[in-house]
Protein chains: 2
Amino acid sequence: MYTRIISISREFGSGGRSIGRKVADRLGIPCYDNEIIEEISAQSGFSADYIREAGEYAPGGLLTSAFSHRQYGPNNADMIWNIQYKIIRNLAEKGPCVIVGRCADHILGDKECLRVFIHAGIPFRTQRIARQYGMSVADPERMLVEMDRRRASYYGFYTGKEWGCVQNYDICLDSGTLGIDGCVDIITHLYENQRT
Amino acid sequence: MYTRIISISREFGSGGRSIGRKVADRLGIPCYDNEIIEEISAQSGFSADYIREAGEYAPGGLLTSAFSHRQYGPNNADMIWNIQYKIIRNLAEKGPCVIVGRCADHILGDKECLRVFIHAGIPFRTQRIARQYGMSVADPERMLVEMDRRRASYYGFYTGKEWGCVQNYDICLDSGTLGIDGCVDIITHLYENQRT
């Protein structure tokens, strides 16, 4: 395979976003994460927070709207999905890049992107969440289970595939055992040594 | 993490065994596959074919015995498991090596081995099976689904974990998209660049 795009899907708290940024820095290519949300916001008129909730991202009640209110046609979540779909396809056409989350692995497919999934054991992830959010999270383990559940639901609904299932990715890495920098190193090595 | 052992679990037809042999050759360390079966045979008195059937390996009726006849104590499959367990632990103590299959990832655990899972899409695997077994296999796709089911059952029964589930492995690779040599390259690179 030869791909120009790297999509990074990740369990909550596994460091997937940090890995994406570091890989992009090392390869000298852009990393799109919040930029996609801002672009969806600009094109749709919805606020960035609202889009995060409608996506795989933040806790809140909006996600459930992806599964309802369709008797009157596409709902807000569908509208956001359609805009997101076009933005990701346009970004991929612009040139090599890393895209974190937002179902980019599915939107681009295995011909166009190196599909990476980052996961880690619960202790590693709860420690990272506790460091990142401090005392504001009462129960980090519960938070990460809930966030993964939301990502899995969103991904399953819009792609028809199972989130975090090996068959959907070219490479899956445990950031807890391999380390954040270990994962960065493997992905960078793989990208730089692709066989055409 | 720093490990001396590489365990390779694999979907049937994904080329995991070839990858194991090539990785071992490149690193200049032994690769254990059939050697384990022969050693179990020597220690247990069962034939190699019987052991293959009792393990994750070949088609046949014996596998089902792993799930039955326990009212009279451990059955043959349990006896083979116990011998296999000790052999794999002894091999790991002897020095760096690659171990293909036989639940080595579970027997050694994440502290002691780099746990690799190799998978690939059905078309890639059916082509490999057809090349390997020729006309002797009437329906390669059915064969690989059946073999994966057997491996999953065996693994699940003796480890209590789900076979092929990302959380049980440090790295999962799609040999269909990355190529056999691409997988060999990544595993070798990872092993040689481990962070202590």
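1. A residue counts as buried when its relative accessible area is under 20%. By that cut-off, buried residues make up 56% of the 196 residues in chain A. Keep in mind throughout that this is a predicted model.

2. Overall make-up of chain A. Its secondary structure comes to 9 helices and 5 strands. Read from the N terminus, the elements run β-α-β-α-α-α-β-α-β-α-α-β-α-α.

3. Strands of chains A and B build one open sheet of 10 strands, with mixed pairing. The order is β2(A)-β3(A)-β1(A)-β4(A)-β5(A)-β5(B)-β4(B)-β1(B)-β3(B)-β2(B). At the edges stand β2 (31-32) of chain A and β2 (31-32) of chain B. Each has a single partner strand, so one side of each is left without a neighbour in the sheet.

4. Strand β3(B) and its partners. Strand β3 of chain B covers residues 97-100 and runs parallel to β2(B), joined to it by 2 bridges. Here B:Cys31 stands opposite B:Val98. Strand β1 of chain B (residues 5-10) also pairs with β3(B) in the parallel sense, over 4 bridges. In β3(B), B:Val98 stands opposite B:Ile6 too.

5. Faces of β3(B). In a regular strand the side chains alternate between the two faces of the sheet. B:Cys97 and B:Ile99 point one way from β3(B), while B:Val98 and B:Val100 point the other way. Are these residues buried or exposed? All are buried.

6. Nonpolar cores. The largest nonpolar core holds 62 residues. Which members touch the most others? They are A:Ile36, A:Ile99, B:Ile36 and B:Ile99. Leaving aside neighbours within four places in sequence, A:Ile36 is in contact with A:Ile87, A:Ile88, A:Leu91, A:Ile99 and A:Arg102. A second, separate core has 46 residues, including A:Ala24, B:Ile29, B:Val100 and B:Leu114.

7. Helices α6(A) and α7(A). Two packed helices are described by the angle between their axes and the distance between the axes. The axes of α6 (residues 122-133) and α7 (residues 140-159) of chain A come within 9 Å and cross at roughly 105°. Angles of 65 to 115 degrees count as roughly perpendicular, and α6(A) and α7(A) are therefore roughly perpendicular to each other. From α6(A), the contact takes in A:Ile122, A:Arg125, A:Thr126, A:Ile129 and A:Tyr133. On the α7(A) side are A:Pro140, A:Glu141, A:Met143, A:Leu144, A:Val145 and A:Asp148. By class, the contact of α6(A) with α7(A) has 7 nonpolar, 1 polar and 3 charged residues.

8. Helices α4(A) and α7(A). The axes of helix α4 (residues 76-94) of chain A and α7(A) come within 12 Å and cross at roughly 75°. This pair is therefore also roughly perpendicular. From α4(A), A:Ala77, A:Asp78, A:Trp81 and A:Gln84 make the contact. Their counterparts in α7(A) are A:Tyr154, A:Phe157 and A:Tyr158. By class, the contact of α4(A) with α7(A) has 5 nonpolar, 1 polar and 1 charged residues.

How values were computed. Residues are numbered from 1 along each chain as its sequence is written. Chains are lettered from A and ligands numbered from 1 in the order in which they are written. This is a predicted model: local features need pLDDT of at least 70, side-chain atom pairs count only at pLDDT 80 or more; totals for chains, interfaces and linings use all residues. Side-chain values use heavy atoms; hydrogens and water are left out. Axes are lines fitted to C-alpha atoms, for helices over the stretch in contact, and angles run from 0 to 180 degrees between N-to-C directions. Angles under 35 degrees count as roughly parallel, over 145 as roughly antiparallel, 65 to 115 as roughly perpendicular and the rest as oblique. Contact means heavy atoms within 4.5 Å. Ala, Val, Leu, Ile, Met, Phe, Trp, Tyr, Cys and Pro count as nonpolar, Asp, Glu, Lys and Arg as charged, and the others, Gly among them, as polar. Two strands pair if DSSP finds at least two bridges between them. A nonpolar core is a set of buried Ala, Val, Leu, Ile, Met, Phe, Trp, Tyr and Cys residues joined through side-chain atoms within 4.5 Å. Buried means under 20% relative accessible area, exposed over 50%, partly exposed in between (1.4 Å probe, protein chains only).
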